[in-house]
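I opened a notebook on a structure that was new to me. These are my entries, in the order I looked things up.

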Amino acid sequence: MLLMALFVPWATNAQQTVTIGDATTSNPTLPVHMVYTYSVTQQIYTADEIGMAGNITSIAFYHNPSTALTMEDIQVYMMQVDKSVFASTADVVPLTDATKVFEGTLSANGAGWVTLQLSTPFPYDAESNLLLCCYDPNSNKPGASQKFNTTSTTDNKMLVYYSNSVIPDPNNLSSYGGTKGWYKYRNNIQLVIAPDNCQKPATLEVNGSTLSWTEGSGSYNVEYRKASETNWTRAYTNLAATTCTLTLDPNTDYEARVQSACSGDQTSGWRSISFTTPCGVVTVDATHSWSEGFESYNVGTGTDSGAAVTDIRCW
């Protein structure tokens, strides 16, 4: 069954509803497992399928049976990712940078779309793919008769972890002791998206430890972290300029990101970049030093103002 993306005007505020998936196959596995007590799922929807940038304000799943359903304390996370498929059941996405967009009751009075209004609109850039993670940490077990419609995919775009005894931690699934599965189907889904007037920077470049960017909106927030770290450090908030210099260690792998900060506390998605800082100053002797970065050398020889130099390296 082919996937489709429909764009429908939404009320008077220019929101649009994007529908992905049109099959009527029902499944008790998604958005969380209806048969097992505890579960967590991850699904990927691509930028081509979504087709527009903006703030996602709600999501909806199609409940298939005519019977009522109530599941309490469901949690939903969203995250922009480069990943388009899951390579194995172990290829789970860490939720370090994910945003919890909903926590509450998943309920349906019968067949039809079940809408979850997000607690905070999720900024989506139309360039990355969208990871949707749904988590049931409670003793909900409505049974196999409760199902939601799904549509087949050509590759594995869904992971599910589930158990009757082991409660999954969505932030630490790599060592999960329950059952794991990966499948070629996903929930039929509707995304209500409000066009984004707070545009993220169009480009981001780095020169040494200086960042520069173009074509954002308003002022800017800047964050960075070492590639080996999980937490971001805020370097600037509401920066008016489109360039800044970070205080970084030499010869170290980093990630940096910048977002637009617009009026009314509205922010754009992040524009990110990965880079390695140049070598630090190489001290030759008490009166000579070189500040050039020897990125192309590990160990070598050279001279500076006639002084012999040996064992040149990054440190």
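**Entry: the disulfide**

Which cysteines form a disulfide? I found Cys 198 and Cys 262, with their sulfur atoms 2.0 Å apart. A disulfide here is a pair of cysteine sulfur atoms within 2.5 Å. In general, it is a covalent bond between the sulfur atoms of two cysteines. The structure holds one disulfide.

I looked up the handedness next. The torsion about the S-S bond of Cys 198 and Cys 262 is about 85 degrees, so this disulfide is right-handed.

Then I asked what the pair ties together. Cys 198 sits in the loop between β14 (189-194) and β15 (203-207), and Cys 262 in the loop between β20 (253-261) and β21, so the bond links parts that are 64 residues apart in sequence. Strands are DSSP runs of E with at least two residues, and helices are runs of H or I with at least four; both are numbered from the N terminus.

**Entry: what I am reading**

This is a predicted model, so I noted the limits: local features need pLDDT of at least 70, side-chain atom pairs count only at pLDDT 80 or more, and totals for chains, interfaces and linings use all residues. Residues are numbered from 1 along each chain as its sequence is written, and side-chain values use heavy atoms, with hydrogens and water left out.

pLDDT is the predictor's confidence in each residue, from 0 to 100. The mean for the protein chain is 85, and 85% of its residues reach 70 or more. Residues 1-13 stay under 50, and the model has 34 contacts for them beyond four places in sequence. Residues 292-312 are also below 50, with 38 contacts beyond near neighbours in sequence. Contact means heavy atoms within 4.5 Å.

I checked accessibility. Buried means under 20% relative accessible area, exposed over 50%, and partly exposed in between, with a 1.4 Å probe and protein chains only. Cys 198 is buried at 0%. Cys 262 counts as buried at 19%. Cys 133 is in no disulfide; its nearest cysteine sulfur, that of Cys 134, is 6.7 Å away. Cys 133 is buried, at 1%. Cys 244 is buried too, at 6%.

**Entry: a four-stranded sheet**

I traced an open sheet of four strands, ordered β18-β17-β20-β21, with antiparallel pairing. Two strands pair if DSSP finds at least two bridges between them. Neighbouring strands are turned by 15 degrees against each other on average, direction ignored. For such angles, axes are lines fitted to C-alpha atoms (for helices, over the stretch in contact), and angles run from 0 to 180 degrees between N-to-C directions.

I then followed β17 (residues 219-226). Four bridges join β17 to β18. Tyr 220 stands opposite Leu 239 in β18.

**Entry: Arg 257**

I picked out Arg 257 in strand β20. Arg 257 is buried, at 13% relative accessible area. Its side chain makes a polar contact with the side chain of Glu 223, at 2.7 Å. A polar contact is a pair of N or O atoms within 3.5 Å; within protein, one must be able to donate a hydrogen and the other to accept it, and residues adjacent in sequence count only if both atoms are side-chain atoms. Beyond four places in sequence, the contacts of Arg 257 include Asp 97, Leu 204, Trp 232 and Trp 270.

**Entry: a three-stranded sheet**

I found another open sheet, in the order β15-β16-β19, with antiparallel pairing. β15 and β19 (243-245) each have a single partner strand, so one side of each has no neighbour in the sheet. Three bridges pair β16 (residues 210-214) with β19. Thr 210 has Thr 245 of β19 as its bridge partner.

**Entry: backbone exceptions**

Most residues other than glycine have a negative phi, and most peptide bonds are trans. I looked for exceptions. A cis peptide bond joins Leu 30 and Pro 31, with omega about 0 degrees. Pro 31 lies in the loop between β3 (25-27) and β4 (38-45).

Ala 126 has a positive phi, near 70 degrees. I placed Ala 126 in the loop between β8 (112-124) and β9 (129-136). Ala 126 is partly exposed, at 29%. Asn 238 also has a positive phi, about 55 degrees. Asn 238 lies in strand β18.
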